[in-house]
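Keep the sequence beside the picture as you read.

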Amino acid sequence: MDSYKLILIPDPVLRQIAQPVNRIDDAVIKQVDRMVETMYAYEGVGLAANQVNMLNRVIVIDTGRRDGAAPNPIPMINPEIVWKSEELWKCKEGCLSIPGQYADVERPQTVRVKFLDRKGEWQEKELSNLASSCVQHEIDHLDGKLFIDYLSRLKRELILDRVEKDIKNGHYL
Ligand SMILES: [Zn+2]
């Protein structure tokens with residue numbers, strides 16, 4: 001199976017709102033599997049549909065591999081945050097669509113997320129720390145939001161400039 005080609009900023013698809021999945025058919029299952037493969041191919045800990053030029057509400061995450069754990073991808077269809085902790089925590093975030101750039105982003109430390117699994121059954125999971133940041137980051141993608149939106153305008157523009165230069169120099173072809 002081929003991985004998807006990644007969409008990079010400033011592609012407008014990254015600013016669009018993904019629509020809910022109405023039916024989990026073979027095409028959606030195939031998309032989920034291909035997204036998992038793409039996430040691993042690019043060594044990401046999460047991926048959202050917008051980043052592979054799809055506009056349905058599908059994300060995949062696997063935050064364990066950073067610690068050397070076996071692959072344990074969690075695909076989430078129509079994910080929704082149903083609870084977030086008041087405690088915040090800061091995580092150095094990056095994004096496969098904004099290659100090579102990282103910045104601290106503060107978010108709720110724990111969230112509970114409800115989603116459909118690939119069998120079409122509702123699941124609920126409580127995620128903390130890196131997994132919490134990751135799932136919030138990916139759900140943001142589905143709403144056309146990027147981690148750089150949380151930064152000051154100055155920092156954001158600096159990052160955009162750097163990526164634009166890298167892309168011009170052919171770093172991500
Ligand atoms: Zn991202």
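Start with Glu-80, which stands opposite Lys-114 in S6. A strand here is a DSSP run of E with at least two residues, a helix is a run of H or I with at least four, and both are numbered from the N terminus. S3 and S6 run antiparallel, joined by five bridges. Two strands count as paired if DSSP finds at least two bridges between them.

A word on the source. This is a predicted model: local features need pLDDT of at least 70, side-chain atom pairs count only at pLDDT 80 or more, and totals for chains, interfaces and linings use all residues. Residues are numbered from 1 along each chain as its sequence is written.

Move on to S7. Seven bridges tie S6 to S7, again antiparallel. Val-111 stands opposite Leu-127 in S7. Five residues lie between the strands of this hairpin, and Gly-120 there has a positive phi near 85°.

Now go to S1. S1 and S2 (residues 58-61) pair in the antiparallel sense over three bridges. Ala-48 has Ile-59 in S2 as its bridge partner.

What is the order of the five strands in the open sheet? The order is S1-S2-S3-S6-S7, with antiparallel pairing. S1 (46-48) and S7 (122-128) are the edge strands, each pairing on one side only.

Helix H1 (residues 26-41) lies across S1, S2 and S3 (74-84), at about 40° to S2. Helix H2 (residues 129-142) packs on the sheet and touches S1, S2, S3, S6 (110-116) and S7. Contact means C-beta atoms, placed from the backbone, within 7 Å. Angles run from 0 to 180 degrees between N-to-C directions, with axes fitted to C-alpha atoms, for helices over the stretch in contact.

Definitions and conventions:
Two residues are in contact if their C-beta atoms, placed from the backbone, lie within 7 Å.
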